[in-house]
Amino acid sequence: MAKLILSLAGEYVEEYKLVQESTRIGRRPHNDIQVDHLAVSGEHAVVRQKGQHYVLNDLDSTNGVTVNGQRVSRHVLQDGDQIRIGKHIFRFCVDNKATFAPASAKPFEKTVLLMPPGSKPLMKPSAPAPAPVASKPAAPVISKPAVAPAAASVAVAPPAAVPARKVGVVKVLTGANAGRELVLNKPSTTLGRTGSQVAVITRQPQGYVISHVEGPRKPCVNGHDIDMIQLKEEDLIELVGVKMAFFFRDQA
């Protein structure tokens, strides 16, 4: 059975089984899944079952819907898809055994075998043994068993994590609050101006992530408009006309 697992700022909230032909998501109480937040439209999106598939549709919401970081108006859902509505994340699952994991969770290591298990290396046939010397019988030859080469493996490096004993900091560079520093020691920190442009920075296991929450204009990081991106040392953020710098600092 398919279901949606809701999380906020990386923390599990609730799960919803998709037992109806259509499941509506929005801020108003009559929705099947109510998300009471200003960034969510009254009727924001709907998930409809079409045979063996589930299709997500944006209901002309103000702030839109993203799936795996890409804004969509219609999307055929796949197991594990991450749906973002406002500041909330819905994980689509089709396995009853599926358990909640934050969007950032990834395997730390994976081994890829380049040689199929049980395969043997190709060997050239051995040359015929020389004829024995007439005066002496040929000494028995004891051969060592061939050792198959170990299967090659490729290890995938773990995602970048928050440096040990470090905390993220945003420093305002322009405007009336120039010089002010904001220490990101909470699970989430909201920036911007309500009704104009709002973003949230969340602290996750692999680092700090900035996401667009509301407003027609998206946040700008290093000169590029973004929906959601992981912040790096010395990234330049621009929001409601104010420029800010992100960096790490040793915790007290």
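Me: What does the accessible surface of the protein come to, and what share belongs to carbon and sulfur atoms?

Reply: The surface comes to about 16,000 Å², and 54% of it belongs to carbon and sulfur atoms. Areas here follow the Shrake-Rupley method with a 1.4 Å probe, and for residues only the protein chains shown count as cover. Before we go on, please keep in mind that this is a predicted model, in which local features need pLDDT of at least 70, side-chain atom pairs count only at pLDDT 80 or more, and totals for chains, interfaces and linings use all residues. Residues are numbered from 1 along each chain as its sequence is written, and side-chain values use heavy atoms, with hydrogens and water left out.

Me: How many helices and strands does the protein have?

Reply: There are zero helices and 21 strands. Both are DSSP runs numbered from the N terminus: helices are H or I with at least four residues, strands are E with at least two.

Me: What makes β1 and β2 a pair, and how many bridges join them?

Reply: Two strands pair if DSSP finds at least two bridges between them. β1 and β2 (residues 11–17) are joined by six and run antiparallel, so they meet that condition. Leu4 has Tyr16 in β2 as its bridge partner. Two residues lie between the strands of this hairpin, where Ala9 takes a positive phi near 55°.

Me: In what order do the five strands of the open sheet lie?

Reply: The order is β4-β3-β5-β6-β9, with mixed pairing. β4 (33–34) and β9 (74–76) are called edge strands, as each pairs on one side only. Inside the sheet, β3 (residues 22–26) and β5 (residues 45–50) run antiparallel over four bridges, with Thr23 opposite Val47. β5 then joins β6 (residues 53–58) through six bridges, also antiparallel, and Val46 stands opposite Asn57 there. The β5 and β6 hairpin has two residues between its strands, and its Gly51 takes a positive phi near 65°. At the β9 side, β6 pairs in the antiparallel sense over three bridges, with Val55 opposite Val76.

Me: What makes Lys3 and Glu15 a salt bridge, and how far apart are the closest N and O atoms?

Reply: The term asks for a side-chain nitrogen of Lys or Arg within 4 Å of a carboxyl oxygen of Asp or Glu. In this pair the closest N and O atoms are 3.4 Å apart, so it qualifies. Lys3 belongs to β1 and Glu15 to β2, so the bridge ties together parts that are 12 residues apart in sequence. At 6% relative accessibility Lys3 is buried, while Glu15, at 32%, is partly exposed.

Me: How many salt bridges does a search of the whole structure find?

Reply: Six. Among them, Lys218 and Asp227 meet at 3.2 Å, N to O. Lys218 is partly exposed at 27%, and Asp227 is buried at 18%. Asp235 and Lys232 meet at 4.0 Å, and Asp235 is buried, with a relative accessible area of 4%.

Me: How many residues has the largest nonpolar core, and which have the most contacts inside it?

Reply: This core has 21 residues, and Leu4, Leu56, Ile83, Ile85 and Phe90 have the most contacts inside it. Elements giving two or more residues to the core are β1 (3–8), β5, β6, β7 (65–67), β10 (82–85) and β11 (88–93). A second, separate core of 17 residues includes Tyr208, Val221, Ile237 and Leu239. Such a core is a set of buried Ala, Val, Leu, Ile, Met, Phe, Trp, Tyr and Cys residues joined through side-chain atoms within 4.5 Å. In soluble globular proteins, nonpolar side chains tend to be buried together.

Me: Which residues does Phe90 touch?

Reply: Leaving out residues up to four places away in sequence, its partners include Leu4, Tyr16, Ile25, Val35 and Ile83. Contact means heavy atoms within 4.5 Å. Of the protein's contacts with a separation of 6 or more, 41% are between residues 24 or more positions apart.

Definitions and conventions
Buried < 20%, exposed > 50% of the residue type's maximum accessible area, 1.4 Å probe, protein only.
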